[in-house]
Amino acid sequence: MSQFSVYINPPEYLGQWLRHDFWDTESERVVFPRGSAPRAVLSSLLRKAPRDYRPDDSDGRVPVEVPTFKGINPATFNYLSPKGQTALISACKKLFQSTLSNELHELFSHDVQITDIIYEFMDRHGIEPTERNWETIRQMYLRMRKKSALR
């Protein structure tokens, strides 16, 4: 495990989910499993920091481990550009949607009240039950449900 981290600023629900499902208490940061899409993004997009780079204040952002990849020294390749951070957040969103789909897919074809289902999902994954978080996840769930019905 490397000692280097990159910092991302995902939407609230996503940051809470990452801290709940992928948090490593020993290193106090998010650690993605081998073979995951976010880890592949890191493998492809990590690079040397520009000479004029000054790390931003990390307050409130989610720390993510810079993994050790074969042939890539994390002491040298530990910078993720703003576009790279966006790509990493996008990969995390896709992973979140996959988790949501996997856990709730059996309910897609049934006419069920989704209020409690979404709150239960949020509780299970450490997401605060705020109205904004609930509405975001509900919309995501409804879009996936519609997409499933079209197939």
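Which residues in α2 meet which residues in α3? In this predicted model, Ala37, Pro38, Val41, Leu42 and Leu45 of α2 are in contact with Gly84, Ala87, Leu88, Ala91, Cys92 and Leu95 of α3. By class, the residues of this contact are ten nonpolar, one polar and no charged.

Two packed helices are described by the angle between their axes and the distance between the axes.

| Pair | Angle | Axis distance |
|---|---|---|
| α2 (residues 37-45) and α3 (residues 82-104) | about 165 degrees | 8 Å |
| α3 and α4 (residues 114-124) | roughly 120 degrees | within 12 Å |

An angle over 145 degrees counts as roughly antiparallel, and α2 and α3 are therefore roughly antiparallel to each other. Their crossing is right-handed.

Now follow α3 to its contact with α4. These helices are oblique to each other, and α3 passes α4 in a right-handed crossing. On the α3 side, Phe96, Thr99, Leu100, Glu103 and Leu104 take part, and they meet Ile117, Ile118, Phe121 and Arg124 of α4. This contact has six nonpolar, one polar and two charged residues.

One more stop is Gln16, which lies in helix α1 (residues 12-21). Is Gln16 buried or exposed? Its relative accessibility is 13%, so Gln16 counts as buried. Leaving aside residues up to four places away in sequence, Gln16 touches His125, Gly126, Ile127, Glu128 and Asn133.

Technical notes:
Residues numbered from 1 in each chain as written. Predicted model: local features only at pLDDT ≥ 70, side-chain atom pairs only at ≥ 80, totals over all residues. Heavy atoms only, no water. Axes fitted to C-alpha atoms, helices over the stretch in contact; angles between N-to-C directions. Helix = DSSP H or I, 4+ residues; strand = E, 2+ residues; numbered from the N terminus. Parallel < 35°, antiparallel > 145°, perpendicular 65-115°, else oblique. Left-handed = near helix turned anticlockwise from the far one by under 90°. Contact = heavy atoms within 4.5 Å. Nonpolar A, V, L, I, M, F, W, Y, C, P; charged D, E, K, R; others polar. Buried < 20%, exposed > 50% of the residue type's maximum accessible area, 1.4 Å probe, protein only.
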